[in-house]
Amino acid sequence: MIGEIDLFGVYLPPLLVWALIAQALGIGVRRLMAAAGLYRYVWHRPLFDFSVLIILTGLVSLAMNRLF
Amino acid sequence: MTTASLPFRLLATLVVLLAAALVASQLWDYYMDAPWTRDGRVRADVVDLAPDVSGPVVQVFVHDNQVVHEGDKLFQIDPARFTLAVQQAQAAVDRTRAAMQQAKSDAARYAAVSNNAASGLSRDQASATAQEAEAEYNLALANLGVAELNQRRSTVYASVNGVITNFSMRPGDYVTAGKPVLAIVDSDSFYVDAYLEETKMRGISPGDAAKITLMQGGPAITGHVSGIAAGIADVERTPTSATLLADVNPTFTWVRLAARIPVRVELDHVPDGVKLVAGMTCTVSITPRDTGNGQAAQ
């Protein structure tokens with residue numbers, strides 16, 4: 001979706017909203033990875049988490065573009 | 001819990017980082033280069049209606065915001081003066097007709113008598129007088145036509161289908177020929193001007209599909225690009241300066257604002273219930289026909 005999201009008169013760029021959704025999903029992903037012990041295979045954890053966040057943002061954007 | 005070997009961990013992290021970089025560049029292309037703007041305006045052609053004759057208004061047939069159709073009566077300028085003018089012109093026609101008939105019959109008589117009774121000079125004079133009288137008559141006829149035209153024009157009609165806007169005329173107002181007194185927003189002429197940033201102009205051409213969302217919300221309006229402006233005013237340059245030399249604004253070198261170029265979008269389908277008002281703000285998203293910008297996110 002290209003355009004804007006109307007939040008009670010404040011217009012937000014969709015990408016910001018998608019990034020916030022991705023952040024929420026990212027918390028879940030991090031918990032899951034920590035629980036499964038997958039961070040053993042990761043060299044630099046903050047860098048990895050940041051990358052995952054960007055990929056999730058892309059996925060959310062893709063999903064939203066399909067939906068709207 | 002043992003950790004994997006360092007090369008493996010490095011590789012795994014870098015692969016994910018690379019994927020993230022690709023996604024980020026795609027997102028940037030999609031959201032930053034896609035040809036869309038929130039700076040769209042609904043526009044319409046506005047007729048500045050002016051009366052063709054001057055005079056006091058005696059009757060107003062319409063009110064503000066009224067829908068009018070082409071040929072509807074709008075207001076009436078006091079016709080008394082124009083009726084009198086027609087009578088005057090009619091009288092002049094009658095007078096010059098009589099004079100013309102007289103002059104013609106004189107000329108015919110001069111032409112008929114023998115050369116002894118009338119000189120060539122007086123014959124020529126009579127002929128010229130007859131021609132002059134005929135010209136006077138034709139002039140009077142034309143004046144009558146003008147007087148009748150003025151009389152007809154004292155009633156002002158709508159020239160297009162549309163809505164009367166910002167109208168506050170009352171009987172007694174004096175209107176002057178050529179001075180606009182009334183605006184009709186042509187309801188057949190609604191279109192959208194999308195003020196696109198110049199950085200988003202690539203790949204746009206007439207015929208591209210456009211989606212218009214009004215700021216008030218509601219269903220989207222579909223349209224297509226019908227044209228791109230060929231020029232905009234240069235805001236960095238003052239058009240006239242006292243010294244006759246170019247007056248160019250000093251701008252920041254590293255911070256530059258993209259100029260907005262008007263792209264005209266004709267409306268293809270306006271959903272029922274959507275009421276367009278010239279001047280409304282809207283978001284316009286254009287889909288270029290060729291591949292590339294704005295087609296797919298990933």
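Predicted model: local features only at pLDDT ≥ 70, side-chain atom pairs only at ≥ 80, totals over all residues.
Local features need pLDDT of at least 70 and side-chain atom pairs count only at pLDDT 80 or more, while totals for chains, interfaces and linings use all residues. Residues are numbered from 1 along each chain as its sequence is written, and chains are lettered from A and ligands numbered from 1 in the order in which they are written.

Helix 3 of chain B (residues 120–153) has 34 residues and reaches 49 Å from its first C-alpha to its last, close to the 50 Å expected at 1.5 Å a residue; the expected span is 1.5 Å times one less than the number of residues. Among the buried residues of helix 3 of chain B are B:Ala126, B:Tyr137 and B:Asn150, where buried means that 20 or more other C-beta atoms, placed from the backbone, lie within 10 Å of the residue's own. Helix 2 of chain B (80–112) is part of what covers the buried residues of helix 3 of chain B, with contact meaning C-beta atoms, placed from the backbone, within 7 Å.

The axes of helix 2 and helix 3 of chain B come within 8 Å and cross at roughly 165 degrees. That makes helix 2 of chain B roughly antiparallel to helix 3 of chain B, a label for angles over 145 degrees. Here axes are lines fitted to C-alpha atoms over the stretch in contact, and angles run from 0 to 180 degrees between N-to-C directions.

Now to the meeting of the chains. The contact takes 25 residues from chain B and 21 residues from chain A. On the chain B side, helix 1, strand 1 (36–43) and strand 16 (281–287) each supply at least two residues, and helix 1 of chain B gives the most, with 14 residues. Helix 1 of chain B spans residues 6–33, and B:Ala20, B:Val23, B:Leu27 and B:Tyr30 are buried in it.

Strand 1 of chain B also pairs with strand 10 of chain B in the antiparallel sense over 4 bridges; pairing requires that DSSP finds at least two bridges. B:Val42 stands opposite B:Val192 in strand 10 of chain B.

How values were computed. Buried ≥ 20, exposed ≤ 12 C-beta atoms within 10 Å, placed from the backbone. Contact = placed C-beta atoms within 7 Å. Parallel < 35°, antiparallel > 145°, perpendicular 65-115°, else oblique.
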